Amino acid sequence: MTISCLGTVSASPPLKYDSIFSFGDSLADTGNFLLSGALAFPVIGKLPYGETYFHRATGRCSNGRLVVDFIAEAYGLPYLPPYLALAKGDEKFEHGVNFAVAGATATDAKFFYDRKIGQILWTNDSLSVQLGWFKKLKSTLCSTKEDCAKYFERSLFLVGEIGGNDYNYPFFVGGTIKQLKALVPLVIETIVAATSMLIEEGVVELIVPGNLPIGCNAVYLTLFRTPNKSAYDQNGCLKAYNAFSKYHNSQLKLALETLRQKYPHAKIIYADYYGAAKRFFHSPKHYGFSDGTLVACCGGGGPYNFNNSARCGHTGSRACLDPSTYANWDGVHLTEGAYRHIAMGLVNGPFTSPPLTFPPIYGF
């Protein structure tokens, strides 16, 4: 704060991020998939999606807000408009843009088509497509190198979460952990190349999240259910699939360390989504999830309320009465309550390393 010669006290504006830019998949998409028209009648375009906070479907794959929404709230910024809404002239973007698309992969769609599993992709808007959108938009944000440096010094970039779908698609059509492990270096390389490209474009602060504990996800628990008790940890999660997430995360952390040496002027932050989420899988009731963390709130029955032929929003499914008591929303994605806890773990710590430059201004 400053004190003028008249003795009055005036508060200086808090130091904070002025804009946020987000890339990724359904963990971060705030409407691009819906606007892309990739599916004629996607269930995420109607209730119960969006029922809790927005009271309407916004294209978010949850009952309410996502991690990126809570981060925006923490810095007093508006929710990020989806890039495809700007392309239509529907939204302003002075405080950032969301390029994330539900179903997106880190590697290009061609990779999956070459392996004859391209037909199961939700979208072809992979990370490189999203970076292309950013490059197109950048020319409207700043023109000179100096301009861009000034603009980006108060901007926060979220590079993901991305990469989860690169594993989901092959796992869901019978890929083994051993086969998928061979894919990890390529996925990491793609994420690192994207991070590198953004730094080359002038970006100075980036959050790169790791993968969630997929062995605790209702879809994995349903598809890979086994009578073998030793396959599960004390929280009821599948140990082998969680170990796979940890493997991806450890490789990502190593690659980011190398990148930090290449770009010492940039702040490259690893976000430990796994650690932040593991807390509520370990102690559901402590975090308010009295109905547990493994069973989906919205689904069509089965031990984890995930039924591929009656998924949330489809005929034969229904949503629970109180999503705030569940961590899993639709078998694949988490609830607003779960995303809130992850976001808190990022902005307040300890799940970002190094920590964010600016402390949050608001709680949520």
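Predicted model: local features only at pLDDT ≥ 70, side-chain atom pairs only at ≥ 80, totals over all residues.
Strands of a sheet pair through backbone hydrogen bonds, either parallel or antiparallel. Strand 3 (residues 19-23) and strand 5 (residues 155-159) run parallel and are joined by five bridges. Within this pairing, serine 19 has serine 155 as its bridge partner in strand 5. Serine 22 stands opposite leucine 158, also in strand 5. Strand 3 also runs parallel to strand 4, through three bridges. Here phenylalanine 21 is partnered by valine 97 of strand 4.

Strand 3 is well covered. Five of its five residues are buried, so the strand is largely enclosed by the rest of the structure. In a regular strand the side chains alternate between the two faces of the sheet. In strand 3, Ser19, Phe21 and Phe23 lie on one side, with Ile20 and Ser22 on the other, and all are buried. Both faces of strand 3 are therefore covered.

The whole structure holds 34 aromatic pairs. One of them joins phenylalanine 152 and phenylalanine 157. The pair is edge-to-face, with 5.5 Å centre to centre and 75° between the planes. Phenylalanine 152 is buried, at a relative accessible area of 0%. Phenylalanine 157 is buried as well, also at 0%.

A second pair has another geometry. Phenylalanine 224 and tyrosine 241 are stacked, 4.7 Å centre to centre with 15° between the planes. Phenylalanine 224 lies in the loop between helix 10 (218-223) and helix 11 (239-262), while tyrosine 241 belongs to helix 11, so the pair ties together parts that are 17 residues apart in sequence. Phenylalanine 224 is partly exposed, with a relative accessible area of 21%. Tyrosine 241 is buried, with 12%.

Helix 11 has 24 residues. From first C-alpha to last it reaches 35 Å, close to the expected 34 Å. An α-helix has 3.6 residues a turn, so residues three or four places apart point the same way. The buried residues of helix 11 are Tyr241, Asn242, Phe244, Ser245, His248, Asn249, Leu252, Ala255, Leu256 and Leu259.

Charged side chains also meet rings. The charged end of lysine 181 sits over the ring of tyrosine 247, 4.5 Å from its centre. Likewise, arginine 65 lies over the face of tyrosine 53, with 3.8 Å to the ring centre.

Histidine 333 is placed in a loop, between strand 9 (318-319) and helix 13 (336-347). Histidine 333 is buried, with a relative accessible area of 7%. Its contacts are Ser26, Cys61, Asn328 and Tyr339, leaving aside residues up to four places away in sequence.

Key. Residues numbered from 1 in each chain as written. Heavy atoms only, no water. Phe/Tyr/Trp six-rings, centres within 6.5 Å; stacked < 30°, edge-to-face > 60°. Buried < 20%, exposed > 50% of the residue type's maximum accessible area, 1.4 Å probe, protein only. Helix = DSSP H or I, 4+ residues; strand = E, 2+ residues; numbered from the N terminus. Lys NZ or Arg CZ within 6 Å of the ring centre and 35° of its normal. Expected span 1.5 Å × (residues − 1). Pairing = 2+ DSSP bridges. Contact = heavy atoms within 4.5 Å.
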